[in-house]
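I opened a new notebook page for this chain. My plan was to look up a few features, one after another, and write down what I found.

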Amino acid sequence: MMSKHGHSGHIGMVYHAHGDNWVELALPYDKRLIGDTETGIIASGPIISLMDNATSLSVWTHLGKFRPQVTLDLRVDYMRAARPGKTVIGRGECYTITRSVAFVRGIAHDGDADDPVAHVAGTFINVEKFVA
């Protein structure tokens, strides 16, 4: 569903893999996502969206159910630019959930997880009590 609707569908994000507390999404290279036309490097915004979605979905896989939540904080540390022409894989992992906050981390890479494009760390807040 995510690859056909909304922001994630518009930028071409697709499901890649998942486990008990992690999710991987893929962002295939697309010229519409280029931030620097001289180099062909993807802009940072689509990579941030990829990681926000991967980490958010990791909370749901950890819980085993959908829970309304919003991104409270997502720190993105860029290590390098993604290589032009390469698909970027975003892996998000939920490592702790409290009553109201889920803690996540992850990496984005373009083929070698040992040579990441970015590291992320963040939190999602449970808003079940506030959604009618």
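**Entry 1: the hairpin.** I began with β1 and β2, which form a hairpin with three residues between them. I note here that the model I am reading is predicted. Next I looked up the pairing of the two strands. β1 covers residues 14–18 and β2 covers residues 22–27. They run antiparallel and pair over four bridges. I picked V14 and traced its bridge partner, which is A26 in β2.

**Entry 2: helix α2.** I moved on to α2, residues 44–63. The helix has 20 residues. How far does α2 reach from its first C-alpha to its last? I found 29 Å, close to the 28 Å expected at 1.5 Å a residue. Then I checked burial along α2. The buried residues include P46, I47, L50, M51 and V59. A54, T55, S56 and S58 are also among them. Just after α2 I came to G64, and its phi is positive, about 80°.

Entry 3: I searched for aromatic pairs and got two. One of them joins Y95 and F103. Their ring centres are 6.4 Å apart, and the planes make an angle of 45°, so I logged the pair as tilted. I looked up the exposure of both residues. Y95 has a relative accessible area of 37%, which makes it partly exposed. F103 is partly exposed too, at 28%.

Y95 came up again when I looked for charges over rings. R105 lies over the face of Y95, at 4.1 Å from the ring centre. I also found R91 over the face of W22, with 3.8 Å to the ring centre.

**Entry 4: salt bridges.** How many salt bridges are there? I counted eight. I looked at a few of them.

R32 and D30 form one, with 3.0 Å between the closest N and O atoms. D30 is partly exposed, at 22% relative accessible area.

R75 and D77 form another, at 2.9 Å from N to O. R75 is exposed, at 52%. D77 is partly exposed, at 30%.

I checked the exposure of both partners. D115 is partly exposed at 27% relative accessibility, and R83 is partly exposed at 38%. Shared partners join R80, R83, D110 and D115 into one network of salt bridges.

**Entry 5: D110.** Where is D110 found? I placed it in the loop between β7 and β8. Is D110 buried or exposed? Its relative accessibility is 7%, so I marked D110 as buried, the cut-off being under 20%.

Then I looked up what the D110 side chain touches. A polar contact of 2.7 Å joins it to the side chain of R80. A polar atom of the D110 side chain also lies 2.8 Å from the backbone nitrogen of R83.

Notes. Residues are numbered from 1 along each chain as its sequence is written. This is a predicted model: local features need pLDDT of at least 70, side-chain atom pairs count only at pLDDT 80 or more; totals for chains, interfaces and linings use all residues. Side-chain values use heavy atoms; hydrogens and water are left out. The expected span of a helix is 1.5 Å times one less than its number of residues. Buried means under 20% relative accessible area, exposed over 50%, partly exposed in between (1.4 Å probe, protein chains only). Rings of Phe, Tyr and Trp (its six-membered ring) pair if their centres lie within 6.5 Å; planes under 30 degrees apart count as stacked, over 60 as edge-to-face and the rest as tilted. A charge sits over a ring if NZ of Lys or CZ of Arg is within 6 Å of the ring centre and within 35 degrees of the ring normal. A salt bridge is a side-chain nitrogen of Lys or Arg within 4 Å of a carboxyl oxygen of Asp or Glu. Two strands pair if DSSP finds at least two bridges between them. A polar contact is a pair of N or O atoms within 3.5 Å; within protein, one must be able to donate a hydrogen and the other to accept it, and residues adjacent in sequence count only if both atoms are side-chain atoms.
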